[in-house]
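I'll jot down what I look up as I go.

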Amino acid sequence: MFSAELQDMESPAFKSLSRGLELELEKTFMESKSILGQFFVAATVLDFSNGSVIPRVLIKIDAQAQISQWQLVEFMNETLKSGMLGQYQVDPTSVELTDFDECQAPDLNNCHKKAKCTNTVGSYNCSCLKGFIGDGVHCRDSVDYRGKEFVLSFLPQHPRSMVVWNLYIMKENQRPHRSF
């Protein structure tokens, strides 16, 4: 039965039930002859809600796997059709699948702080913000003048009139230091 303790992730009740479910799911996937067993990484209970006890579980599948959400639902429906998951009684008709949004917090993805995280079904993409270049995991200013010299001719009628301009990379919210 559901209790207030199951809403506290630090409570012994939450830790015990979540760990038990995670171990049963791990065992179920690892013993499966399905392709899902080969690509299963982990199961993590995110929280519990009332309605008897409803766990919300994040199931991580290797990114290299070519597995659709619906294959995962079919696997879980087949696995739970007996109404049992190890020692736990379950409602086999209650399996719902929603995409986990890895972009909801920076610690759930590896996008650079100067990148935009875009959630996709089963994954996410990172892309550098305007003014930055890179793959989204690593971003840097789009123009890096660090230590480069430019020779500019400002007076075409006087070819000897040249200016050497050193432009140094700037720190955030600072103007570049120029020397003429």
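This is a predicted model: local features need pLDDT of at least 70, side-chain atom pairs count only at pLDDT 80 or more; totals for chains, interfaces and linings use all residues.

I started with threonine 28 and asked which residues it touches, leaving out those up to four places away in sequence. Threonine 28 touches Phe75, Thr79 and Leu85, where contact means heavy atoms within 4.5 Å. Threonine 28 has its place in helix 1; helices here are DSSP runs (H or I, at least four residues), strands are too (E, at least two), and both are numbered from the N terminus. Threonine 28 counts as buried because its relative accessibility is 18%. The cut-offs I use: buried is under 20% relative accessible area, exposed is over 50%, and partly exposed is in between, with a 1.4 Å probe and protein chains only.

Residues are numbered from 1 along each chain as its sequence is written, and side-chain values use heavy atoms, with hydrogens and water left out.

Next, helix 1 as a whole. Helix 1 covers residues 12-31, which is 20 residues, and reaches 28 Å from its first C-alpha to its last, close to the 28 Å expected. The expected span is 1.5 Å times one less than the number of residues. I listed its buried residues, among them Phe14, Leu21, Leu25, Thr28 and Phe29. What covers the buried residues of helix 1? The cover includes helix 2 (35-39), strand 1 (40-50), strand 2 (53-61), helix 3 (69-80), strand 3 (84-85) and strand 4 (88-89).

Then I went looking for rings. A search of the whole structure finds 3 aromatic pairs. Rings of Phe, Tyr and Trp (its six-membered ring) pair if their centres lie within 6.5 Å; planes under 30 degrees apart count as stacked, over 60 as edge-to-face and the rest as tilted. Phenylalanine 29 and phenylalanine 40 are stacked, because their ring centres are 4.5 Å apart and their planes are at 15°. Phenylalanine 29 is in helix 1 and phenylalanine 40 in strand 1, so this pair ties together parts that are 11 residues apart in sequence. Phenylalanine 29 is buried, at a relative accessible area of 0%, and phenylalanine 40 counts as buried at 8%.

Phenylalanine 29 also pairs with phenylalanine 75: centres 4.8 Å apart, planes at 35°, so I call that one tilted. It links phenylalanine 29 in helix 1 to phenylalanine 75 in helix 3, 46 residues apart. Phenylalanine 75 is buried too, at 10%. I noted that ring pairs link Phe29, Phe40 and Phe75 into a cluster.

That took me to helix 3. Which of its residues are buried? They are Leu72, Val73, Phe75, Met76 and Leu80. They cover an arc of only 160° around the axis, which puts them on the same side of helix 3; the arc is that of the directions from the helix axis to the C-beta atoms. The face turned away from that buried side carries the exposed residues Trp70 and Glu74.

Last entry, the strands. Strand 1 and strand 2 run antiparallel and are joined by 9 bridges; strands pair if DSSP finds at least two bridges between them. I picked out alanine 43, whose bridge partner in strand 2 is isoleucine 59.
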